[in-house]
Amino acid sequence: MKICLFDIDGTLINTAAAGKDAMIASFQSTAGIDVLTTEVRVSGKTDRGIAQELFDAHDMPLTDEAWNKFLSSYMAGLARNLPLRDGRVLPGIEALLNQLAERDDIVLGLLTGNVAQGAYLKLTHYDLMHHFEFGGYGDQHPDRNDVAQAAKDACEAHLGHAVRGDQIWVIGDTANDVRCARAIGAKAAAVATGVFLREELAMSEPDLLFDDLENADALLAELTG
Ligand SMILES: [Mg+2]
């Protein structure tokens, strides 16, 4: 039994900033701020962590009430933006997921910084959600390593038994994806379809490194060998 935990943005899909723009607009309306005083970098981070950075940078407390208000406006904006943007499923993903879905010794889950509802909205829009039965999400944890543990826990709950870290492959487009894989003892496959170059990703020392997943034979060999 092998487990694949997929990141979403920059790995499965590119939403053409539908999510980032919805998040910034939501923060502006929640906080009553027209212009941000900070640059927003989202790659490899969790939604909770990004919200925390935004609120901190503007000297505002991220209370539960503020988070809930931020989240509902962010989700509404994301749902609005997705069909308006020229986003896409990234190269090779549909074929790879279809190939993995045929095997009963491989299970597919999500390991994403997106909040669960955001992951659902994005992957439903791009018709990929049906491939994933469990996941770790960015609702609670600012640190992606904690999301990795949540994804492993969700996998074990889904399967009804414990899994070892070395049964798990984390597939993502940032050094944070590789780091969070190590946090749960998992293998890491990095793919340069996000904002980071292949050379930059190489520095995080993933087990496998791809330009894109159009030719994922090396990963398939590891999963099925
Ligand atoms: Mg990503």
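This is a predicted model: local features need pLDDT of at least 70, side-chain atom pairs count only at pLDDT 80 or more; totals for chains, interfaces and linings use all residues.

Visitor: Okay, which residues coordinate the magnesium ion?

Guide: Asp7 and Asp173 each give an OD atom, while Asp9 gives its O, at 2.1 to 2.2 Å.

Visitor: And what spacing do the donors follow along the chain?

Guide: The pattern for the magnesium donors is D-x1-D-x163-D.

Visitor: Is Asp7 buried or exposed?

Guide: Asp7 is buried, at 6% relative accessible area. Asp9 is partly exposed, with 28%.

Visitor: Switching to salt bridges, how many does the structure hold?

Guide: There are 11 salt bridges in the structure. Asp7 turns up here again, linked with Arg144 and Asp177 in a network of them.

Visitor: Which side chain does Lys45 meet in a salt bridge?

Guide: That's Glu53, at 3.1 Å from N to O. Lys45 is partly exposed at 25%, and Glu53 is partly exposed too, at 41%.

Visitor: What about Arg164, buried or exposed?

Guide: Arg164 counts as exposed because its relative accessible area is 52%, and the cut-off is over 50%. Its side chain forms a salt bridge with Asp166 at 2.9 Å, N to O.

Visitor: Last one: where do Asp211 and Arg198 sit?

Guide: Their side chains meet in a salt bridge at 3.1 Å, N to O. The pair links distant parts of the chain, 13 residues apart: Asp211 is in the loop between strand 8 (208-210) and helix 9 (217-224), and Arg198 is in helix 8 (residues 198-202).

Conventions
Residues are numbered from 1 along each chain as its sequence is written. Side-chain values use heavy atoms; hydrogens and water are left out. Donors are N, O and S atoms within 2.8 Å of the metal (3.2 Å for Na, K and Ca); water is not among the atoms, so sites may look incomplete. Buried means under 20% relative accessible area, exposed over 50%, partly exposed in between (1.4 Å probe, protein chains only). A salt bridge is a side-chain nitrogen of Lys or Arg within 4 Å of a carboxyl oxygen of Asp or Glu. Helices (H or I, at least four residues) and strands (E, at least two) are DSSP runs, numbered from the N terminus.
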